[in-house]
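Hi everyone, thanks for making time this morning. Please have a look at the model on the screen, and then I'll walk you through a few of its features.

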Amino acid sequence: MSNGAAMDEQTTPVAAIDVQKLHKSFGDLEVLKGIDFHVASGEVVCVIGPSGSGKSTLLRCVNRLEEVTAGRIMIEGEDITDADADVDLIRARIGMVFQQFNLFGHLTVMDNLIIAQRRVLKRTKKEAVEVARRNLEKVGMIDKVDAYPAHLSGGQSQRVAMARALSMDPDMMLFDEPTSALDPELVGEVLQVMRTLADEGMTMMVVTHEMGFAREVADRVVFMDDGVVVEENNPLELINNPQHERTQAFLSQVL
Amino acid sequence: MVDQPAMSSREAAGLPARRLSPSQRTRLFRGSLYAVLGLFVAGFLVVADFAAIQQNFLNPQIAAQTMPELVTRAMRNTVTYTLIAFAIGLLLGLLLALMKLSPVGPYRWLSNIYIEFFRGLPAILTIFLVGFGVPIAFGFRIPFGTPGAGTLALGLVAAAYMAETIRAGIQAVPKGQVEAARSLGMSQGRAMVSIVLPQAFRIIVPPLTNEVVLLIKDTSLLFIIGFQPVNKELFVYGRDISTDVFNATPLIAAGLAYLAITFPLTRLVAVLERRQSRSR
């Protein structure tokens, strides 16, 4: 790598996400086989790869929804894999968007957005509602504040889910295949919000199959296969000029 | 047109034709069902001694004697015992359900032992055990006398059943709900209280309502430990007057009072279940 070693320790900015030698097994099945991966502050990194390559598991390890088997993960310099780490506190700084939205079904859109602000960040109701309204405006869902999740389309649900994560004022956002459960005509509205976030400088790690999004928005694309990072580069290089055979095979299938 | 019978499928299959067409056979069968029913009703009307039935089961003078205590005291006691037993069962059942889902092995074992124990025993034995066995063994008097001991026993039994229902409800809440809550920084306990339990209880309202119906009926088992007059519930109240006046009408009155509570509840369960199956 060109940076890092040559640069002065003092001026190296702390990475938002720094995954070091990560191994993850489910029983006998080793899903991640020594991953080194980082996302700089303000960077948008898309992780692509065939299903079963371990990309979603990597993302879920980052906020410790999965316990790691070996290795460590630093979040803004803090080791989230440390047994003594205050995981809840670190997680509150990491927004996460799920493939299946996972909106709280018993709560209205507004209550979905304020419950963690109130319970975790201890914001007053007035404050929480203000933040929620601001984020609902941003994702274009302010007219549904009183709706229940069951009455929203997939695209609307995912935009509300993003607003919910954003209402915690996170330092970074993780996206786990955010458009994979959507009907094709609803994908655009979700990608549009993600594009806006990227333009505003949000640090983003996106596991996705949307090559168009990766090409246009990502600062860097990481290709994973069979539990390892095969290749990473800026999107144009990686997508148009893949170096590795496996990358070429994958891209020829999806493009 | 010439009325010509079409070749039946039996003939086509090479089988001999039947004398009756399928629709005639259906009508004949249906008709004989009604005939049997008619015979039974006619037989009952001939044999039944309506004067005796009316005198012994539906005697208006005796029915009037049971009022108003049947409602103001006995029915009220039945409802009170049910609600207290339900509250005990719900709280203890929730605790047992959480223990059963605990990562700590001994908690799971204790919960399993409790559930198997109290589900395997007849409720009446548990009631007798708590009402007589405990005070005799430990010289410990359970507060509120026999109603206190009885409702406690019913609550202990109900907790075993409700624990399984609540556990099923908790497990029916999708895993993604907890993950979303945790990803927002909520602790495990907070996610359970704010996100999982409210949704779990919504799912199990119908089976919990059924549990209330069972409890209402099971309060009648408290007769085994005996009541002061003011504490009598519906069954004991009806039974005692019945044996006093040597007439079954008070029991019928008590039965109608049970139905007045249980019937609306079972209808409510049916409505809730239909609504739930529609929203899935």
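Let's start with the nonpolar patch, where three helices of chain B, namely H2 (22-47), H3 (50-57) and H13 (249-279), each supply at least two residues. Please keep in mind that this is a predicted model. Which helix gives the most to the patch? That would be H2(B), with five residues.

Now let's zoom out to chain B as a whole. How many helices and strands does chain B have? The count is 13 helices and zero strands. Chain B is more spread out than a compact globule, because its radius of gyration is 28 Å, well over the 19 Å that the globule rule gives for 280 residues. Along the principal axes, the C-alpha trace of chain B spans about 90 × 65 × 30 Å. As for burial, 36% of the 280 residues in chain B are buried.

Last stop, chain A. Arg118(A) sits in helix H3 (residues 109-119) of chain A. With a relative accessibility of 35%, Arg118(A) counts as partly exposed, since that class runs between the 20% limit for buried and the 50% limit for exposed.

That's my tour, and I'm happy to take questions!

Terms used:
Residues numbered from 1 in each chain as written. Chains lettered and ligands numbered in written order. Predicted model: local features only at pLDDT ≥ 70, side-chain atom pairs only at ≥ 80, totals over all residues. Heavy atoms only, no water. Helix = DSSP H or I, 4+ residues; strand = E, 2+ residues; numbered from the N terminus. Buried < 20%, exposed > 50% of the residue type's maximum accessible area, 1.4 Å probe, protein only. Rg over C-alpha atoms; globule rule 2.2 N^0.38 Å.
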